[in-house]
Amino acid sequence: QFNYDLLLPICLGTFGGFLIFIVFSKLKQKRNGNVPDIDERSVSLIQKYFLIALYVILLASGAALLIAYSLGIQYIETGLLIICLFGLYTILGLGTLVVKRL
């Protein structure tokens, strides 16, 4: 059973976030004109960052799972996995912002 009471807030939140993005995009375009946000060097840096981050996360996740398995942990709570993934996404997002500003 799906709780349909959450459907309206989900749709409104998605639409509101998209609307805010469009407004900020238009304001930025008016202020800066047609100057691109990033150049080829920035794209190359972001690609290298994501490639390194992918392998680091894959190796770290694999190592963490092997350590957990060797400690005898057989069941992992899904809430804990969600928190771990949220942390990974946050770190990747902040790292992308740092790389983009260089």
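Helix 2 and helix 3 run roughly antiparallel to each other, because angles over 145 degrees count that way. Both belong to a predicted model, in which local features need pLDDT of at least 70, side-chain atom pairs count only at pLDDT 80 or more, and totals for chains, interfaces and linings use all residues. Residues are numbered from 1 along each chain as its sequence is written, and side-chain values use heavy atoms, with hydrogens and water left out.

**How the two helices meet**

The two helices pack at an angle of about 155°, with their axes 9 Å apart. Here axes are lines fitted to C-alpha atoms over the stretch in contact, and angles run from 0 to 180 degrees between N-to-C directions. Helix 2 brings Ser42, Leu45, Ile46, Tyr49, Phe50, Ala53 and Ile57 to the contact (heavy atoms within 4.5 Å). From helix 3 come Leu88, Ile91, Leu92, Gly95, Thr96, Val99 and Lys100. By class, this contact has ten nonpolar, three polar and one charged residues.

**Two pockets to look for**

A pocket is an open set of points on a 1 Å grid over the protein atoms alone, where a 1.4 Å probe fits, with protein on both sides within 12 Å along at least five of seven lines; lining residues have an atom within 4 Å of a point. A volume is the space filled by probe spheres set on the points.

| Pocket | Volume | Lining by class |
|---|---|---|
| Largest pocket | about 400 Å³ | twelve nonpolar, one polar, no charged residues |
| Second largest pocket | about 200 Å³ | four nonpolar, five polar, two charged residues |

Of the 13 residues lining the largest pocket, Ser61, Ala64, Leu65, Leu81 and Cys84 are the closest to its centre. Helix 2 (40-70) and helix 3 (78-101) each supply at least two residues of this lining, and helix 2 gives the most, with six residues.

Turn next to the second largest pocket: Phe21, Phe24, Ser25, Lys28, Gln29, Asn32, Gly33, Asn34, Val35, Pro36 and Asp37 line it.

Methods
Helix = DSSP H or I, 4+ residues; strand = E, 2+ residues; numbered from the N terminus. Nonpolar A, V, L, I, M, F, W, Y, C, P; charged D, E, K, R; others polar. Parallel < 35°, antiparallel > 145°, perpendicular 65-115°, else oblique.
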